Amino acid sequence: MKTKIVFKCSSCGLEHAKWQGQCNSCRTWNTLEEVAVVARKSSAMPHSNNKYELVKPKKLNEVQTNKNDRIITSIGEFNRVMGGGIVRDSITIITAKPGAGKSTLLLQVAEDVSLKGFRVLYASGEESESQIKSRADRILKKSMENIWVISDTSMDNVVASINEIDPDLIIVDSIQTFTLEAQLPSRAGSPTQTMECANELTRIAKNSSRPRAILLVGQMNKNEEIAGLRALEHLVDAVLIIDGENGEELRGVTASKNRFGSTGETSFFSMMEDGMQPIENPSEYFMTQREDNQAFPGCALTVVREGTRPIIVEIESLVAITFTPYPSRISENLKREQLNTLISILEQRGGIELFNKNVVVKTTGGLQLKEQSANLSIIMSIVSSAKDRGIPNDTLFIADIGLTGELKRVPSLEARLKEADRMGFKKAYVAKKSLNKKIELKNLEVIELNTLNDVIKQVFKE
């Protein structure tokens with residue numbers, strides 16, 4: 001075999017045909033080293049014994065769909081974020097910070113699927129078989145009869161195990177730890193190895209005669225993105241991101257991409273000693289349970305949407321006199337620019353002076369406020385704290401607010417109001433003429449107003 005000279009990045013492993021100062025992949029400087037490699041014949045499908053077959057196109061209306069194309073688990077929150085269950089010929093990647101619960105959640109999914117009679121192969125390049133068994137003994141409660149485990153970093157051995165066991169669900173933890181022999185000497189985690197391993201698994205998942213579902217774990221880099229090339233995200237069918245810090249109980253699983261469901265759908269779990277437990281009614285998690293008619297200054301409630309689901313969220317504010325030339329504007333749950341804009345609107349249009357006061361805003365449960373529908377509630381919580389007067393805990397505010405001080409309509413208002421009505425709330429302040437149609441509500445009174453001043457006057461009886 002012939003040898004050739006290439007220049008390999010010592011940081012990420014990417015090979016370059018000639019020397020250059022900066023690596024094209026990881027963008028680091030002066031990391032290219034000259035190495036001699038054996039030239040190999042490349043193969044698009046190194047493990048495939050099948051020849052390419054001519055595939056003829058079909059008319060779209062002739063394509064058959066099957067309602068049994070999904071594996072429905074007993075974990076409702078996982079089904080929700082997956083779009084209704086695991087599609088049988090799909091490949092999904094799950095990423096998160098270390099310790100967020102990726103392996104724990106997938107082991108729970110493996111148990112649930114195996115109890116339904118499906119075969120599961122759990123391939124780990126990070127943990128030994130005994131370590132996986134120790135976690136399973138701690139979090140799994142039932143039989144592990146249909147779960148096979150392999151601890152190896154060779155994708156060739158994983159493919160051989162797939163051919164031997166014939167599993168319905170394959171879990172690979174994590175994709176950056178595996179290598180294909182045909183792509184050596186590229187190291188594990190390099191763009192070449194990661195993409196070729198993912199391509200091989202995609203071929204296995206999309207086999208029309210034997211479709212399989214594959215769940216991958218993807219390592220997260222310091223920028224909180226999937227490590228490696230962006231092409232990996234384009235290759236897979238769904239990308240799930242687990243949010244949650246070590247030591248915190250709440251975990252949110254969000255679909256940033258999903259070819260079979262809603263993008264942006266979020267499910268919530270509670271990280272416990274015995275695994276990740278689904279939170280079926282997250283509204284109770286993001287609001288403080290208080291007695292009827294009990295009001296605390298600085299608290300206001302709204303309804304946000306996480307994916308397709310409306311959630312009641314409590315916003316808390318603290319307004320205090322500052323003793324420094326520049327007052328602080330602090331929030332852990334929304335952008336500082338957004339908070340500064342809302343404070344400016346309140347000062348100019350609501351007549352509340354805050355130039356000499358610190359303002360701190362947070363949400364109960366730590367939920368990030370991504371929607372404009374929470375803006376009126378944020379302002380009203382600040383007003384409540386500034387006036388040191390509480391707002392009744394059966395009242396909600398669901399509206400955006402413009403720079404003019406006018407209330408603006410928000411999308412999916414009817415669904416938000418129905419959720420508030422189901423939870424037993426009595427009043428909801430919304431923008432004038434924001435309802436597209438009349439809806440029947442049992443408990444909730446919908447109050448439509450034009451401006452921020454109208455809301456302040458009515459709530460505080462001024």
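Q: Is D168 buried or exposed?
A: A residue is called buried when its relative accessible area is under 20%. This model is a predicted one, and in it D168 has a relative accessible area of 17%, so D168 is buried.

Q: Which side chain meets that of D168 in a salt bridge?
A: A salt bridge is read from the distance between a side-chain nitrogen and a carboxyl oxygen, which must lie within 4 Å. Here the partner of D168 is R210, at 3.1 Å from N to O. The pair links distant parts of the chain, 42 residues apart: R210 lies in the loop between α5 and β10, and D168 in the loop between α4 and β9. R210 counts as partly exposed because its relative accessibility is 22%.

Q: How many salt bridges does a search of the whole structure find?
A: The search finds 16 salt bridges. One of them joins K206 and D237, with the closest N and O atoms 2.7 Å apart. This pair also links distant parts of the chain, K206 being in the loop between α5 and β10 and D237 in the loop between α6 and β11. D237 has 2% relative accessibility and therefore counts as buried, whereas K206, at 36%, is partly exposed.

Q: Which residues line the largest cavity?
A: A cavity is a space where a probe fits but cannot get out. The largest cavity holds about 40 Å³ of space. D237 is one of its lining residues, and the others are R70, M82, G85, V87, S90, T92, A238, N258 and F260. By type, the lining divides into 4 nonpolar, 4 polar and 2 charged residues.

Q: How much space lies in the largest pocket, and which residues are closest to its centre?
A: A pocket, in contrast to a cavity, is open. About 640 Å³ of space lies in the largest pocket. Of its 24 lining residues, D243, G244, G252, G366 and Q368 are closest to the centre. Strand β12 gives the most to the lining, with 4 residues. The lining comprises 7 nonpolar, 8 polar and 9 charged residues.

Q: Which residues make the nonpolar surface patch of about 240 Å²?
A: Nonpolar side chains are joined into a patch when they lie within 5 Å. In this structure the patch is made by L318, I330 and V360. L318 is placed in strand β16, which spans residues 309-321. Its relative accessibility is 52%, so L318 counts as exposed.

Technical notes:
Residues numbered from 1 in each chain as written. Predicted model: local features only at pLDDT ≥ 70, side-chain atom pairs only at ≥ 80, totals over all residues. Heavy atoms only, no water. Patch = residues over 30% accessible without salt bridge, like charges linked within 9 Å, V, L, I, M, F, W, Y side chains within 5 Å. Areas by Shrake-Rupley, 256 points an atom, 1.4 Å probe, with all protein chains shown as cover. Helix = DSSP H or I, 4+ residues; strand = E, 2+ residues; numbered from the N terminus. Buried < 20%, exposed > 50% of the residue type's maximum accessible area, 1.4 Å probe, protein only. 1 Å grid on protein atoms, 1.4 Å probe; cavity = no way out; pocket = protein on both sides within 12 Å on 5 of 7 lines; lining within 4 Å. Points joined across faces, edges and corners; volume = space filled by probe spheres on them. Nonpolar A, V, L, I, M, F, W, Y, C, P; charged D, E, K, R; others polar.
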